[in-house]
Amino acid sequence: MSSDEEILGKAYDARLMRRLLEYLWPYRWQAGLALAAIIANSVLQLVPPFLMKRAIDQHIAVGRLEGIGLIAVQYMAVLLGSFGLEYLQTWLMQITGQRIMYDLRMQIYARLQRLDLAFYDRNPVGRLMTRVTSDVDVLNDLFTAGVVAIFGDVFTLAGIMIVMLLMDWRLALTSFAVLPLIVIVTQWFRRNVRESYRTVRMWIARINAFLQENITGMSTVQLFRREEMNYARFEGINAQHRDANIESIFYYAVFYPAIEIIGAMAASLIIWYGGLQVMAGTLTLGALVAFLQYSSRFFRPISDMSEKFNVLQSAMASSERIFKLIDEPERITSPATPLRRDPARSPHIVFDHVWFAYHGEDYVLRDVSFEVLPGGRLGIVGATGSGKTTIINLLMRFYDVSRGRILVDGSDIRELALEDVRALFGLVLQDVHLFSGSIGANIRLGEARLGDSDVRRAAAAVRADRFIDRLPAGLDTALGERGASLSVGQKQLLSFARALAFDRPVLVLDEATSSVDTETESVIREALEVLMRGRTTVAIAHRLSTIQDMDRILVLHKGVLRESGTHQELLSQRGIYFKLYQLQFRETATKAS
């Protein structure tokens, strides 16, 4: 139970509430008008029992019908006025709640876009989605049914108590005799519902995590025939969530009838004591009826306030999680006064004694130094886990080095504007990420300066038009989630077209041909030649055949730069590269035979 989805926190936290009210401040006039409507409606709620008292004492009890019609009209006017005020405050607070939800979600999403990749390494996607969706929805409940509406309950309770005491303080105290029972039942309800809510939240978090992991990996589930096992595991989690909800339903099922019973006890006390007073002539029949009506109205806000306690409880937990995300520091940022450079100019890149660890002192790169000249081509090879992709991540400043420096034209990249650093690179990954939308939109990625002609030209240059033109709508063909309808090779060609269209001075390739067949690889290699022409290129390669023509090849082993040189120079050293080449040559010969 270490996940923060399962931590309930305080029932009320003044610091969090002050911060939440900051989101209400821009809409203070709407909230103020809603509060005025709530207070006015609370006052109107006191009028109907008083009108009933007048009707009974002044007309019905004495048999005088003159004027009773006016009281009936006044009663109807009060009901209509109460309806109008209830509609006004509900409409205003719902609109305000929706606007606050919009503001919060935009702030959270803006923060998510600025956080570094190390943050996403630590936080599952399902948990972050919960922040933007359900946690914000909980805060909407607070603003629409809690923080302002609770004033209505307080004013209604206070008004009823004052009126009852003014009418007959003895009968009022008699009806208030059940209040200790209200306190006991309410405390029992709050304590148990709080624990039940925590349990429900815990199992919701586990359901979200299970679904996110297993739906994403559905191909693996089906391939290894894990359907029954996963079904059984989900059934267990879902059953725990159901049982937790049923437990919470039990507390609600006990609490509200208990409040009704206590209210009925108060009514019986009023009838008993008030009836004696009526027969003794010290209390009118109308006052007794009014007391009964006030009593029934008195217990309704108490149950409402208990429900609002649960809303408040949920909101405190959700706000704590949301503010923790919003307050997450941005570790990869531009300096206060960044150095600027022309992003279109091909850079001179230097790794100067770079060390890097994702966690603590577990270094992935150890004292790595090399340079990439403007317009040069650099290949990087090594076994899995040798640090190849880490070099790419550091180069584009997805992470910052632990020790040493990365220089661009003599300047530490941490001293450059972040947008200038990122604008240097066109990145092509082994696992191409495509967004929902058309093929053209995935090449353009919202860049306004890229017209349809630019997109078509880029697609044609990398031979992607060969399959695009065969599609029903060409560039306007809609893709499924993550481009599920395309082959691996087609996705790679789209990523090449994307990189060419953006025309960045440095091309970064990360295992760009490792997942395609030989025929597709030949097409991709043609596209690569077009893409690399006139650009600085940094290529991570699994197949050594793709980097033999590089100006320089780096060989990494366990985070250390062990060898460096051209293809022929490295073969002549008969070291790690030579062994890798021999191994792949034998594999290729075996496949050919």
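Does Asn-123 count as buried or exposed, and at what relative accessibility?

**View 1. Asn-123 sits in the loop between helix 5 (117-122) and helix 6 (125-145).** At 16% relative accessibility, Asn-123 counts as buried (under 20% relative accessible area, with exposed over 50% and partly exposed in between; 1.4 Å probe, protein chains only). A polar atom of its side chain lies 2.9 Å from the backbone oxygen of Phe-119. Helices here are DSSP runs of H or I with at least four residues, strands are E runs of at least two, and both are numbered from the N terminus. This is a predicted model, where local features need pLDDT of at least 70 and side-chain atom pairs pLDDT 80 or more, while totals for chains, interfaces and linings use all residues. Residues are numbered from 1 along each chain as its sequence is written, and side-chain values use heavy atoms, leaving out hydrogens and water.

**View 2. Ile-443 and Phe-496 have the most contacts inside the largest nonpolar core, which has 45 residues.** Such a core joins buried Ala, Val, Leu, Ile, Met, Phe, Trp, Tyr and Cys residues through side-chain atoms within 4.5 Å. Looking beyond four places in sequence, Ile-443 touches (heavy atoms within 4.5 Å) residues including Val-455, Leu-475 and Phe-502.

**View 3. Four strands make an open sheet in the order 2-1-4-5, with antiparallel pairing.** Pairing takes at least two DSSP bridges between two strands; strand 1 (residues 349-357) and strand 4 (residues 403-408) have five. Val-350 has Leu-407 in strand 4 as its bridge partner. Strand 2 (363-372) and strand 5 (411-412) are at the edges with a single partner strand each, so one side of each has no neighbour in the sheet.

Definitions and conventions: Polar contact = N/O pair within 3.5 Å; in protein donor to acceptor, adjacent residues only side chain to side chain.
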